[in-house]
Amino acid sequence: MTTCYVCGKKGNLKHLDRDICKKCFLRNVERRVKKHLGRRMFKKDDKILVIGELEKVLLENAVKGMPLKIVSRKKLPKLIQGFDYIVVGRTMDEVGGEFLGGLMKGKLILGGMKKKFFNILEVLTDEEAEQYAKLKDIKFKVLGEKGFLDTLGLKELKYNLYKNIKELRKL
Ligand SMILES: [Zn+2]
């Protein structure tokens, strides 16, 4: 029997090679997304466009109880006027892969997200986003080159890389 590394109960999922239970995994993901969003990010009655079902579920969970107008679409529409924020989803793998790819080409790409855009998935790896979606019965597919860092055998590096990218953005 495998034991959840968080609560000690039966855990039959994997998280960074450790065993975890469904409840703790979902909570871990939701808590990180919520922290990523921050408390003062949105104002009352902000109109938010969210692209993608997983993104919508995570956003709604993170802003539960806040008076916001959330509109969701499968794809980014041509007209995006009138929204205070546009929430999109690109995983840590995609952001990291793009960053490393940029470095290799001699360029520094720091996400390139415009101010109004908010990337809700960047605190999650492909694996985490996929597992969360599966557990919640949400259709989800990562967009970028799949497992860019995994193929290099650098699973743990993703978190460090992401931290560095975040630091660099502040400069
Ligand atoms: Zn647990």
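**Entry 1. Where two helices meet**

I note here that the model is a predicted one. I then looked up how the two helices lie. The axes of helix 1 and helix 2 come within 9 Å and cross at roughly 75 degrees. Angles of 65 to 115 degrees count as roughly perpendicular, so helix 1 and helix 2 are roughly perpendicular to each other.

**Entry 2. The overall list**

I stepped back to list the elements. The protein has 6 helices and 6 strands. Read from the N terminus, the order of the elements is β-β-α-β-α-β-β-α-β-α-α-α. I also wrote down that buried residues make up 29% of the 171 residues. Of the contacts between residues at least 6 apart in sequence, 62% join residues at least 24 apart.

In what order do the 4 strands of the open sheet stand? I read the order as 4-3-5-6, with parallel pairing. Strand 4 and strand 6 (117-119) are the edge strands, and each of them pairs on one side only. On average, neighbouring strands of this sheet are turned by 25 degrees against each other, with direction ignored.

I went through the pairings of strand 3 next. Strand 3 (residues 47-51) pairs with strand 4 (residues 69-73) in the parallel sense, over 5 bridges. I picked out I51, whose bridge partner in strand 4 is R73. Strand 3 also pairs with strand 5 (residues 85-88), again in the parallel sense, over 3 bridges. Here I48 has Y85 of strand 5 as its bridge partner, and L49 stands opposite I86 in strand 5.

I followed the chain from strand 3 through helix 2 to strand 4. Strand 3, helix 2 (residues 53-62) and strand 4 make a right-handed β-α-β unit. Helix 2 packs on the sheet and touches strand 3, strand 4 and strand 5. The direction of helix 2 makes about 140 degrees with that of strand 3.

Is helix 2 largely enclosed or largely open? I found that 7 of its 10 residues are buried, so helix 2 is largely enclosed by the rest of the structure. The buried residues of helix 2 are L54, E55, K56, V57, L58, L59 and A62. I noted that E55 and K56 are on this list too. What covers the buried residues of helix 2 includes helix 1 (22-37), strand 3, strand 4, strand 5 and helix 4 (126-135).

**Entry 3. The core**

I looked up the largest nonpolar core, which has 29 residues. Which residues have the most contacts inside this core? They are L58, V87, I120 and A129. Helix 1, strand 3, helix 2, strand 5, helix 3 (92-104) and helix 4 each supply at least two residues of the core. Helix 2 gives the most, with 5 residues.

I took I120 for a closer look. Leaving out residues up to four places away in sequence, I120 touches V33, E55, L58, L59, V87 and G89.

**Entry 4. Two positive phi values**

Most residues other than glycine have a negative phi. D17 has a positive phi of about 65 degrees although it is not a glycine. D17 lies in the loop between strand 1 (13-15) and strand 2 (18-20). Residues with 12 or fewer other C-beta atoms within 10 Å count as exposed; D17 has 7, so D17 is exposed.

D137, also not a glycine, has a positive phi near 60 degrees. Where is D137 found? I located D137 in the loop between helix 4 and helix 5 (148-151). D137 is exposed, with 7 other C-beta atoms within 10 Å.

**Entry 5. N160**

N160 has 11 other C-beta atoms within 10 Å, so N160 is exposed. The C-alpha atoms of N160 and G96 are separated by 9.9 Å, and the two residues are 64 residues apart along the chain.

Conventions
Residues numbered from 1 in each chain as written. Predicted model: local features only at pLDDT ≥ 70, side-chain atom pairs only at ≥ 80, totals over all residues. Pairing = 2+ DSSP bridges. Right-handed = clockwise from strand over helix to strand, strands pointing away. Buried ≥ 20, exposed ≤ 12 C-beta atoms within 10 Å, placed from the backbone. Contact = placed C-beta atoms within 7 Å. Core = buried A, V, L, I, M, F, W, Y, C linked by C-beta atoms within 7 Å. Axes fitted to C-alpha atoms, helices over the stretch in contact; angles between N-to-C directions. Parallel < 35°, antiparallel > 145°, perpendicular 65-115°, else oblique.
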